[in-house]
Amino acid sequence: MSSEFKANLRDQLSYLGMTVQELADKSKISKRTIENYLSKRGTIPPADYACRIASVLGVSVEWLVMGHNEKKCQENSEETELRSFIKKLSSLSPEVRDAIRTLVFAAYKAHREF
């Protein structure tokens with residue numbers, strides 16, 4: 001079961017483009033502790049830590065630990081997806097970001113006119 005937790009944690013970090021340090025900062029759990037969960041000997045965290053990690057990652061604790069049930073929590077999925085999108089967007093060149101910004105504002109304006 002700990003290997004499933006480790007794999008799910010690693011997968012969700014990768015999916016979000018989030019670093020261990022970012023998870024540590026947002027969950028208020030030390031980077032070293034999180035790295036221990038991801039190590040070869042990885043263990044499952046105590047319930048309060050699992051809840052904090054799941055909340056930051058926008059997944060249910062059950063999914064994080066067991067790998068089943070609904071992956072995304074209703075209240076966090078849109079925010080998590082938006083954060084991931086913004087992070088990816090910020091890595092693009094300024095020219096590409098400007099082009100995307102123009103498209104988004106044009107789409108927003110067209111949507112508001114309906």
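Predicted model: local features only at pLDDT ≥ 70, side-chain atom pairs only at ≥ 80, totals over all residues.
Biologist: OK! How many helices and strands does the protein chain have?

Modeller: Here helices (H or I, at least four residues) and strands (E, at least two) are DSSP runs, numbered from the N terminus. Along the sequence the pattern reads α-α-α-α-α-α-α. The count is seven helices and zero strands.

Biologist: What share of the protein chain's residues is buried?

Modeller: Buried means under 20% relative accessible area, exposed means over 50%, and partly exposed is in between (1.4 Å probe, protein chains only). The chain has 114 residues, and the buried share is 30%.

Biologist: Which residues of helix α3 are buried, and why do they line one face?

Modeller: Helix α3 covers residues 31-38, and its buried residues are I34, Y37 and L38. Seen down the axis of α3, they fall within an arc of 100° (taken from the directions from the helix axis to the C-beta atoms), so they line one face of the helix. The general idea is that an α-helix has 3.6 residues a turn, so residues three or four places apart point the same way. So the names are I34, Y37 and L38, and the reason is that arc of 100°.

Biologist: How are α2 and α3 oriented to each other?

Modeller: Axes are lines fitted to C-alpha atoms, for helices over the stretch in contact, and angles run from 0 to 180 degrees between N-to-C directions. The axes of α2 (residues 20-27) and α3 come within 9 Å and cross at roughly 125°. Under 35 degrees counts as roughly parallel, over 145 as roughly antiparallel, 65 to 115 as roughly perpendicular, and the rest as oblique. The two helices are therefore oblique.

Biologist: And which residues of α3 make that contact with α2?

Modeller: Contact means heavy atoms within 4.5 Å. On the α2 side you'll find V20, Q21, L23, A24 and S27. On the α3 side, the names are K31, I34, E35 and L38.

Biologist: What about α2 and α4: how are they oriented?

Modeller: α4 takes in residues 47-57, and α2 packs on α4 at about 115° with the axes 9 Å apart. In their contact, L23, K26 and S27 of α2 meet R52, I53, V56 and L57 of α4. By orientation, α2 and α4 are therefore roughly perpendicular.

Biologist: Is K28 buried or exposed?

Modeller: K28 sits in the loop between α2 and α3, and its phi is positive, about 60°, although it is not a glycine. Most residues other than glycine have a negative phi. With 66% relative accessibility, K28 counts as exposed.

Biologist: Last one: how far apart in space are G67 and E4?

Modeller: G67 is in the loop between α5 (61-66) and α6 (74-90). Leaving aside neighbours within four places in sequence, G67 contacts E4, N8 and E62. G67 and E4 are 63 residues apart in sequence, but C-alpha to C-alpha the distance is 6.7 Å.

Key:
Residues numbered from 1 in each chain as written. Heavy atoms only, no water.
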